[in-house]
Amino acid sequence: MKVEIDEHSGFCFGVVNAIRKAEQELEHGELFCIGDIVHNSLEVERLERQGLRTIDHGVFAGLKDCRVLFRAHGEPPSSYEVAKRNGIEVIDASCPVVLRLQRQIREAFEHVKQEGGQVVIYGKRGHAEVVGLVGQTQGEAIVVENEGDLQQVDFTRKVVLFSQTTKSLEGFRRIADLMKERGKGLVEVHDTICRMVANRIPQLKEFAGRHDVILFVSGEKSSNGRQLFAVCLEANPRSFFVCGAGDLNRKMYEGATSVGISGATSTPRWIMEEIKRKIETQ
């Protein structure tokens, strides 16, 4: 049986950068991180064994004179203000793509509010990246996840639309078309989806279609993982969602001549390699 790991799968640049910075800083002692550094519990546990301490914003607000890593998702302006006030050294691992989007949204908000307009963000409400994006607008941006959320938008006023970087291109275009139809020339659209993530979809469809079985590896918390697994299922009904080697069951790939292993942008390569070794030695 042939077992192949998808060469396009695994950590995106932003996550690679955050993990690298965390490992470098952990060599100098304890390091805090607001939220899971990546939405993969096995990778989080690996780094916690090295001294990384995962905290929430409530705990962060009470810290003083320590080092805190801002993960790839980015943070709202309020987090930087807390750090400055409390003497906290920020290890900023915010993804450059996210930082650029934050700047775009902040500038658009400052401009559009003078015209009585609105900033709308297509994304997952409460997602770490989206929290940071909304923070650029003093909490005023409208977050839409689906067509039903469009009732929050006043289409008699100007609207500037952006997207969370990891959303699907197809979903964004659908929302953008609906908004332009209702806005009658008052909707300005900015496609801010990360192409490293968006390009994974056609690549994944091709990969899933040429194997008998697909094992898609992701953490339960990863929205990118759930999105990409749905792509696998559509291309290959014999696709299975697994978090690690412990989730494997021989019945998953019974009778298969080829097994493809792929993963989310938050899935470390070492977990996929561990799964490959387990299949080959069973």
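Predicted model: local features only at pLDDT ≥ 70, side-chain atom pairs only at ≥ 80, totals over all residues.
Which helices each supply at least two residues of the lining of the second largest pocket?

1. Residues are numbered from 1 along each chain as its sequence is written, and side-chain values use heavy atoms, with hydrogens and water left out.

2. Volume here is the space filled by probe spheres set on the points, which are joined across faces, edges and corners. Its lining (residues with an atom within 4 Å of a point) has 24 residues, with C12, V15, H73, T166 and T265 nearest the centre. Helix 1 (13–26) is among the contributors of at least two residues, and it gives the largest share, 3 residues.

3. The second largest pocket has a volume of about 230 Å³. The answer to the opening question is helix 7 (169–183), helix 9 (200–209) and helix 10; helices are DSSP runs of H or I, at least four residues, numbered from the N terminus. Helix 10 gives the most, with 4 residues.

4. The lining of the second largest pocket includes R173, K205 and E234. By class, that lining divides into 6 nonpolar, 2 polar and 4 charged residues, whereas the largest pocket has 12 nonpolar, 11 polar and 1 charged. Nonpolar covers Ala, Val, Leu, Ile, Met, Phe, Trp, Tyr, Cys and Pro; charged covers Asp, Glu, Lys and Arg; the others, Gly among them, count as polar.

Definitions and conventions: 1 Å grid on protein atoms, 1.4 Å probe; cavity = no way out; pocket = protein on both sides within 12 Å on 5 of 7 lines; lining within 4 Å.
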